[in-house]
Amino acid sequence: MNIIGIGYLGFESTKMEEWRAYGPEVMGFQITGSPENDPDSIYFKLDDRRHRIAIHPGEIDRIAYIGWEARNRVDFIAACERFKEYNVEITFGDAELCEKRGVKELIRFRDPAGYQHELFYAQKWTPRSFVAGRPHGGFICDDRGVGHIVLITPEFGPELERFLLEIMEFNWYGWGAGKGKTGFFRSKLNTQTSHDIAFGFAPGRMGVQHVGLFVNAVRDVGETFDIVKQQELPLMMTLGQHTQDPHMSFYHFNPSGFAFETIAELEPWHGDPFELNPEKMSTWGHEIVGPILGPSVKTPEELL
């Protein structure tokens, strides 16, 4: 499937007013106008797309959907046919749902772990429309997507790998340097980052572990880190540099209880001519000072 990356993410939250302040003041997101058919949700811009992150009112804090971007209409149609060929149940979004997402067309489907996904093409955009919620150098989305997401799954069997590698035609990146079982994958057309999505195995648990967002400069990482400390927001990991990726980042928990990793690329990603097996996660920093699984990770019964 010719998928660019994650075009948008949707979450349900019980903390709407906290998000309304946190998004622009801490992260530098721009609050944009909500669609007429979804006035109670909060839509955040990270670039010139109509939105990249949506927060919907909910009874619990959880991931609502992951929106994957097909390159164009032809690739969208081909992906729909591929899902049908592999007997994956898909539903087509009606005009109201497409208007909420700001896209031409979309389909919805679930992965074997139970997470809701969408595939779309042609999201609305307006050139030079992004205005950061606070002084900020901006986010790197453009032709690579909003960033990456790490999800927890109570089962990590061959069905999940087959779905990602064979049906969606993602590329395999590796297991990472963590102590547990976490598989990293990236979309077929992604040549700029190591992974778009990862699944971490945790028996009896499910939810978002973290979302990685790329910013334009180290200064944006540092200023966000200072604001997080000033507001005494809980940290997961301190500033550091990963071994597998030439990136500097830190992790802190947002109002919904999962972490945002704020990332600056110190140099372009080196690609993966062979599978790496790092002996430690980071070359420096990234001291673990909070829980690795935040309160957004719950039992499958609670989330589904």
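Student: How much space lies in the second largest pocket?
Tutor: About 280 Å³. A pocket is an open set of 1 Å grid points over the protein atoms alone where a 1.4 Å probe fits, with protein on both sides within 12 Å along at least five of seven lines; the volume is that filled by probe spheres on points joined across faces, edges and corners.

Student: How was the model treated?
Tutor: It is a predicted model: local features need pLDDT of at least 70, side-chain atom pairs count only at pLDDT 80 or more, and totals for chains, interfaces and linings use all residues. Residues are numbered from 1 along each chain as its sequence is written, and side-chain values use heavy atoms, without hydrogens or water.

Student: Which residues lie nearest the centre of the second largest pocket?
Tutor: Arg 62, Ile 63, Ala 64, Arg 110 and Gln 116, out of 15 lining residues (an atom within 4 Å of a point).

Student: Which elements give two or more residues to that lining?
Tutor: Strand 4 (53-57), strand 5 (62-70) and strand 7 (103-110) do (strands are DSSP E runs of at least two residues, numbered from the N terminus). Strand 5 gives the most, with 4 residues.

Student: Now the largest pocket: what is its volume?
Tutor: The largest pocket holds about 860 Å³ of space. Its lining has 37 residues, and Ala 177, Gly 178, Thr 182, Phe 184 and Met 281 are the closest to its centre.

Student: Which strands give two or more residues there?
Tutor: Among them are strand 9 (148-153), strand 11 (182-186), strand 13 (207-215) and strand 16 (259-265).
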